[in-house]
Amino acid sequence: MNRTLLVTASLAALLAAVPARGERGPSTPTERRKAVDVTRRLEREPLARRAAADRRWLLQWIVEIPDIQVRGCSGPLDPLAEDDGSRFGKILFVQSMFGMAAFQIEHPRSADDWLAVQTAGVESVLRAYRSLLRARPQARWDELDALLAAQRRGRLPALLEQAMEGCDEPAGPAPGDAI
């Protein structure tokens with residue numbers, strides 16, 4: 001299956017659970033602070049009791065707001081979207097969207113730098129992955145272990161740039177386009 005199609009289909013499946021609402025205005029400063037706080041909490045405690053509700057809120061918020069655009073890109077996180085749930089792949093996959101949104105909030109001048117945004121998303125996944133492994137060591141992913149190794153060597157952005165070549169070109173829907 002085409003990797004871009006896989007990523008788009010996975011995002012569409014995740015977003016199908018988010019109810020569509022009417023057009024709304026830009027995000028508020030309070031919502032942006034909450035989004036960053038919730039993202040960081042999910043990185044620290046991806047399996048906490050309130051994590052599912054936090055993910056639903058964040059996903060719905062990202063879909064509804066017009067001022068922060070998160071675009072998925074085919075790359076090294078693709079295998080996570082295919083997980084049957086036993087290793088929490090879909091939870092980690094969607095974390096990348098939250099990390100990208102948080103980066104854009106914290107670094108608005110870099111929001112158009114596709115590599116910086118995608119790298120922030122992957123780094124958010126890696127923080128959540130490390131936290132997840134403390135609670136569930138059997139949830140190991142070879143792909144994420146390789147990304148952690150690249151991060152330790154300072155090679156993560158270069159690896160992502162190569163693996164996600166073409167991401168800076170407009171292609172595929174934004175999360176809000178899927179509903």
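Select helix H2 (residues 29–44) together with helix H3 (residues 51–64): their axes come within 10 Å and cross at roughly 140 degrees, where axes are lines fitted to C-alpha atoms, for helices over the stretch in contact, and angles run from 0 to 180 degrees between N-to-C directions. Helices here are DSSP runs of H or I with at least four residues, and strands are runs of E with at least two, numbered from the N terminus. H2 is therefore oblique to H3, given that angles under 35 degrees count as roughly parallel, over 145 as roughly antiparallel, 65 to 115 as roughly perpendicular and the rest as oblique. The crossing of H2 and H3 is left-handed, that is, the near helix is turned anticlockwise from the far one by less than a right angle.

This is a predicted model, in which local features need pLDDT of at least 70 and side-chain atom pairs count only at pLDDT 80 or more, while totals for chains, interfaces and linings use all residues. Residues are numbered from 1 along each chain as its sequence is written, and side-chain values use heavy atoms, with hydrogens and water left out.

On H2 the contact (heavy atoms within 4.5 Å) is made by Glu31, Arg32, Lys34, Ala35, Val38, Thr39, Arg41 and Leu42, and on H3 by Ala51, Asp54, Arg55, Trp57, Leu58 and Trp61. The residues of this contact of H2 with H3 divide into seven nonpolar, one polar and six charged, with Ala, Val, Leu, Ile, Met, Phe, Trp, Tyr, Cys and Pro counted as nonpolar, Asp, Glu, Lys and Arg as charged, and the others, Gly among them, as polar.

Move on to Gln118 in helix H6 (residues 114–135). Gln118 counts as buried because its relative accessibility is 10%; buried means under 20% relative accessible area, exposed over 50%, and partly exposed in between, with a 1.4 Å probe and protein chains only. Beyond its neighbours within four places in sequence, Gln118 is in contact with Arg71, Cys73, Met100, Leu160 and Met164.

Then select Ala158, which is found in helix H8 (residues 156–163) and, at 30% relative accessibility, counts as partly exposed.

Finally, display the whole chain, which has eight helices and zero strands. Of its 179 residues, 46% are buried, and among contacts between residues at least 6 apart in sequence, 74% join residues at least 24 apart.
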